[in-house]
Amino acid sequence: MILDGKCPTGPIEQTWDKHRFDLKLVNPANKRKYNVIVVGTGLAGGAAAASLGELGYNVQAFCYQDSPRRAHSIAAQGGINAAKNYPNDGDSIYRLFYDTIKGGDFRAREADVWRLAQVSNNIIDQCVAQGVPFGRDYAGYLDNRSFGGAQVSRTFFARGQTGQQLLLGAYSALSRQIKLGSVKMYDRREMLDLVVVDGVARGITVRNLVTGEMESYAADAVCLATGGYVNVFYLSTNAMGCSVTANWKAHKKGAFFANPCYTQIHPTCIPQAGDYQSKLTLMSESLRNDGRVWVPKKKEDCGKHPGDIAEDDRDYYLERKYPSYGNLAPRDIASRAAKEQCDDGRGVGPGGRGVYLDFGDSIKRLGADTIKERYGNLFEMYEKITDEDGYKRPMRMYPAPHYSMGGLWVDYNLMSNIPGLFVLGEANFSVHGANRLGASALMQGLADGYFVIPYTIGGYLATVKPGQVKTDHPEFKKCEEDVKAEQNKMLGINGKKTVFEFMREVGGLMWENCGMARTKESLEINLKKIPALREEFWKNVKVTGSGSELNQQLENAGRTADFLEFSELMCRDALHRNESCGGHFRSEYQDAGEAQRDDVNFCYVGAWEYKGVGKEPELHKEPLKFDNVHLAVRSYK
Amino acid sequence: MSDHKTMTLTLIVWRQKNANDPGKFETYTAKNITEHHSFLEMLDCVNEDLIHAGKDPIVFDHDCREGICGMCSQVINGAPHGGQDRTTVCQLHMRKFKDGDTIYIEPWRARAFPIVRDLIVDRSALDKIIQAGGYTSCHTGGVADGNAILIPKPVADEAMDAAECVGCGACVAGCPNGAAMLFTSAKVSQLAILPQGKGEAATRVKNMTNAMTECGFGNCTNHYECMAACPKGINVKFIARMNREFLKAQFA
């Protein structure tokens with residue numbers, strides 16, 4: 001099937017404005033007759049729930065944490081992009097659009113990216129009005145910093161806690177709506193199924209994580225804002241609770257999964273210290289504004305104290321390879337370059353898996369106080385984890401899984417191929433192509449939540465009669481029973497391996513064979529090993545306790561079971577895409593370490609249709625057209 | 001870094017099946033712990049042993065494990081988050097402990113935080129305080145340009161100092177009165193400092209302090225234990241500021 005993204009046509013500058021006018025509206029008095037479910041309360045979900053509640057819809061919002069304020073958007077450190085051009089350095093909506101298309105290695109839709117760039121400016125204004133304390137100068141104007149993949153300073157920030165402050169802004173707007181009664185909040189609930197009746201999304205099945213009870217909720221539209229899936233690698237920068245589960249359940253009910261092989265490996269994370277490690281910690285890309293990345297030129301120097309390695313014996317490889325962007329090369333490129341140096345035997349620290357991020361020159365130039373003011377909390381975090389002082393000794397960094405560009409397929413209205421199912425933020429695939437630029441995730445989450453879904457959901461709801469299906473419909477009962485049966489199966493196995501052990505194993509396979517670089521051979525290994533591991537899971541997993549209580553093992557077991565299915569799809573997608581682009585690097589397709597795209601055969605979105613566990617999924621294509629930014633080899637040299 | 005000396009520790013952990021269970025301390029041994037383990041990774045190891053032995057693992061709240069989500073919440077040897085300056089439990093590392101140490105682990109204890117299970121408590125009262133007024137009543141869309149109202153750096157910085165609160169509740173757990181004054185004052189102050197929040201400052205402080213009392217939190221008697229426990233270093237000066245805002249509101 002050829003998929004249609006339903007993008008508006010005509011001059012790109014007018015597409016979103018024209019489309020907004022063309023969308024049908026729901027009359028204010030009728031809005032309260034419609035129920036909308038929002039799953040996830042991060043930037044996309046929190047902003048959507050607050051904005052839809054304010055418009056007058058009846059909103060039910062869900063999160064697995066104990067409070068909507070804890071969603072993983074909170075961990076974003078560096079900043080949020082907008083095309084304000086406050087520094088007068090040549091930025092514009094067009095340039096942000098252009099940088100994002102190019103940064104995504106020409107694998108995103110032009111119309112969606114244009115809209116994102118256009119509404120980016122509204123986001124900053126909105127957050128300021130909410131009381132987000134962005135960094136400012138002494139005169140009182142908003143301050144900017146630079147980020148990877150751009151030659152202008154367009155990144156707004158709140159110390160090293162931008163995600164936290166933006167999320168607390170969305171959470172405060174959401175709290176206001178909860179108080180007003182337009183949003184009903186359900187915390188400590190995990191979505192475990194999507195209820196589809198006659199091909200239309202009608203509600204969800206959730207587990208109350210405190211009591212263990214199954215609960216059903218019906219609505220006229222369901223919005224998933226359930227984040228990304230890089231915990232498929234086990235060790236990632238994502239929170240422990242992040243999973244593919246909500247998306248995977250929707251996929252199993254018919255929603256197409258687009259470009260799952262596009263995952264982002266962030267170049268600056270604290271290297272792994274041991275096997276017991278539960279997660280990896282990111283250090284903001286903003287550090288590359290003032291930190292210089294290097295490894296020793298000579299292998300024999302790798303074990304030395306970095307201070308004992310002479311300037312001439314240091315290889316500032318990003319500055320050498322990419323002189324015009326230098327240390328601010330985009331993430332996919334910086335990560336691959338780090339891996340290349342380490343594979344060459346010039347990595348530092350345990351196992352030779354690390355590169356230096358050195359602030360020595362900046363401290364000399366600006367003074368330690370300035371560096372402390374800019375990045376103090378990051379240096380503190382680094383010291384807590386490694387027991388090393390980043391002011392005195394270069395930090396050690398290694399790439400780690402961080403973000404997923406792939407996600408559920410959506411059209412221009414953010415609606416999946418299942419009518420009534422919308423997907424927002426990282427959970428969808430739409431704007432980042434094969435690689436996301438730094439400071440663009442926050443932008444997308446808030447764009448989708450504040451400024452896109454409030455319009456596009458109306459266009460859908462205006463065409464449907466409210467309240468057609470209620471929770472007394474037999475499909476709700478069936479979904480609850482299916483979920484319970486699966487949980488009872490897991491609880492009944494009483495095998496020998498813990499859930500963590502399985503997750504570590506599948507994560508290891510994915511990192512090894514479907515990580516920063518993939519080959520046909522490595523992917524084929526995974527396509528043999530993953531089904532075997534999945535089979536073992538269903539025979540040998542050990543989950544203690546019962547389903548009718550708070551049971552974290554059971555929660556993790558369900559998420560792991562879904563990763564054991566999803567990981568196979570990810571490998572299939574990576575195997576079918578015989579090219580390298582952005583975060584998807586197939587070693588066979590390269591030009592001296594640079595990704596080699598194949599625009600003749602692969603200039604499309606690959607969206608997969610589920611056909612059953614272990615069965616070959618069906619590929620649907622949405623061709624990508626570039627009318628405004630011409631397809632070119634992406635160069636940061 | 002490559003130092004592989006390991007520690008063995010005795011853990012005395014609060015176990016409580018649910019809100020109605022009386023609960024009790026149980027003793028466990030943590031083995032093969034290195035100085036690079038985070039405190040929660042140490043508990044992960046203990047839990048793996050418990051699961052293999054067919055026992056219920058210790059239940060605790062955690063999520064981001066990088067000190068920002070505010071989910072983790074344990075009193076360690078009597079100190080919320082373990083007592084290391086500006087550190088959440090998830091960022092506490094085992095290099096702060098010695099081989100052979102005995103460690104007491106308890107949940108947040110406060111009247112307004114009922115225990116859910118083991119080390120997990122119900123902190124929804126903190127959400128209720130925010131719902132009572134911890135926002136500016138702006139609408140989505142239709143707001144002014146971000147630079148329309150200038151906010152000089154020292155003002156923006158002070159607001160940010162207050163805004164850093166992660167809502168973990170350590171201040172409540174540390175306070176002998178179980179007060180949520182530091183938490184509430186951080187939000188009241190952030191929004192009272194910024195021009196965008198000044199218009200509603202009087203109603204906000206009244207409504208939020210009312211919610212605080214209704215939720216069963218105590219009052220401040222200047223022990224400063226909250227500031228000592230706070231993993232983000234929120235200063236008690238914001239409580240003074242809230243008191244001033246409260247007084248001003250009586251005449252507004």
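Predicted model: local features only at pLDDT ≥ 70, side-chain atom pairs only at ≥ 80, totals over all residues.
Within chain A, the domain assignment gives two domains, 267-401 and 474-623. Chain B has nine helices and seven strands.

**Two domains in chain A**

- Domain 1 of chain A covers residues 267-401, and domain 2 of chain A covers residues 474-623.
- Taken over C-alpha atoms, the centres of domain 1 and domain 2 of chain A are separated by 31 Å.
- Their contact takes six residues from domain 1 of chain A and five residues from domain 2 of chain A.
- Helix α9 (residues 331-343) of chain A supplies the largest share of the domain 1 side, namely five residues.
- By class, that domain 1 side has one nonpolar, one polar and four charged residues.

**A helix pair in chain A**

- Helix α13 (residues 474-493) of chain A packs with α16(A) at an angle of about 110 degrees, and the two axes are 11 Å apart.
- This angle makes α13(A) roughly perpendicular to α16(A).
- From α13(A), the residues A:Gln487, A:Met490 and A:Leu491 meet A:Leu554, A:Ala557 and A:Gly558 of α16(A).
- The residues of this helix contact divide into four nonpolar, two polar and no charged.

**Chain B and its helix α1**

- The C-alpha atoms of chain B fill a box of roughly 60 × 45 × 35 Å along the principal axes.
- Of the 252 residues of chain B, 54% count as buried.
- Among chain B contacts between residues at least 6 apart in sequence, 72% join residues at least 24 apart.
- Helix α1 (residues 39-52) of chain B has 14 residues, which should span 20 Å at 1.5 Å a residue; its end C-alpha atoms are 20 Å apart, so the two values agree.
- The buried residues in α1(B) are B:Phe39, B:Leu40, B:Glu41, B:Met42, B:Leu43, B:Asp44, B:Asn47 and B:Ile51.
- The cover over these buried residues includes β18 (497-498), β19 (541-542) and α16 of chain A, together with β2 (24-33) of chain B.
- After α1(B) comes B:Gly54, which has a positive phi near 75 degrees.

- A:Asn259 has a phi near 45 degrees, a positive value in a residue other than glycine.
- A:Asn259 sits in the loop between β10 (257-258) and β11 (263-269) of chain A.
- A:Asn259 counts as buried because it has 31 C-beta neighbours inside 10 Å, and the cut-off for buried is 20 or more.
- B:Arg86 also has a positive phi in a residue other than glycine, here near 50 degrees.
- The loop between β4 (79-80) and β5 (102-106) of chain B holds B:Arg86.
- With 15 other C-beta atoms within 10 Å, B:Arg86 is partly exposed.

**Two residues and their partners across the sequence**

- B:Thr27 lies in strand β2 of chain B.
- B:Thr27 is exposed, because 9 other C-beta atoms lie within 10 Å.
- Leaving aside neighbours within four places in sequence, B:Thr27 is in contact with B:Thr10 and B:Ile12.
- B:Thr27 and B:Tyr104 are 77 residues apart along the chain, and 9.3 Å separate their C-alpha atoms.
- A:Tyr325 is in the loop between α8 (317-321) and α9 of chain A.
- A:Tyr325 counts as buried, with 20 C-beta neighbours inside 10 Å.
- A:Tyr325 and A:Ala150 are 175 residues apart along the chain, with their C-alpha atoms separated by 8.0 Å.

Key. Residues numbered from 1 in each chain as written. Chains lettered and ligands numbered in written order. Domains from an automatic or database assignment. Contact = placed C-beta atoms within 7 Å. Helix = DSSP H or I, 4+ residues; strand = E, 2+ residues; numbered from the N terminus. Nonpolar A, V, L, I, M, F, W, Y, C, P; charged D, E, K, R; others polar. Expected span 1.5 Å × (residues − 1). Buried ≥ 20, exposed ≤ 12 C-beta atoms within 10 Å, placed from the backbone. Axes fitted to C-alpha atoms, helices over the stretch in contact; angles between N-to-C directions. Parallel < 35°, antiparallel > 145°, perpendicular 65-115°, else oblique.
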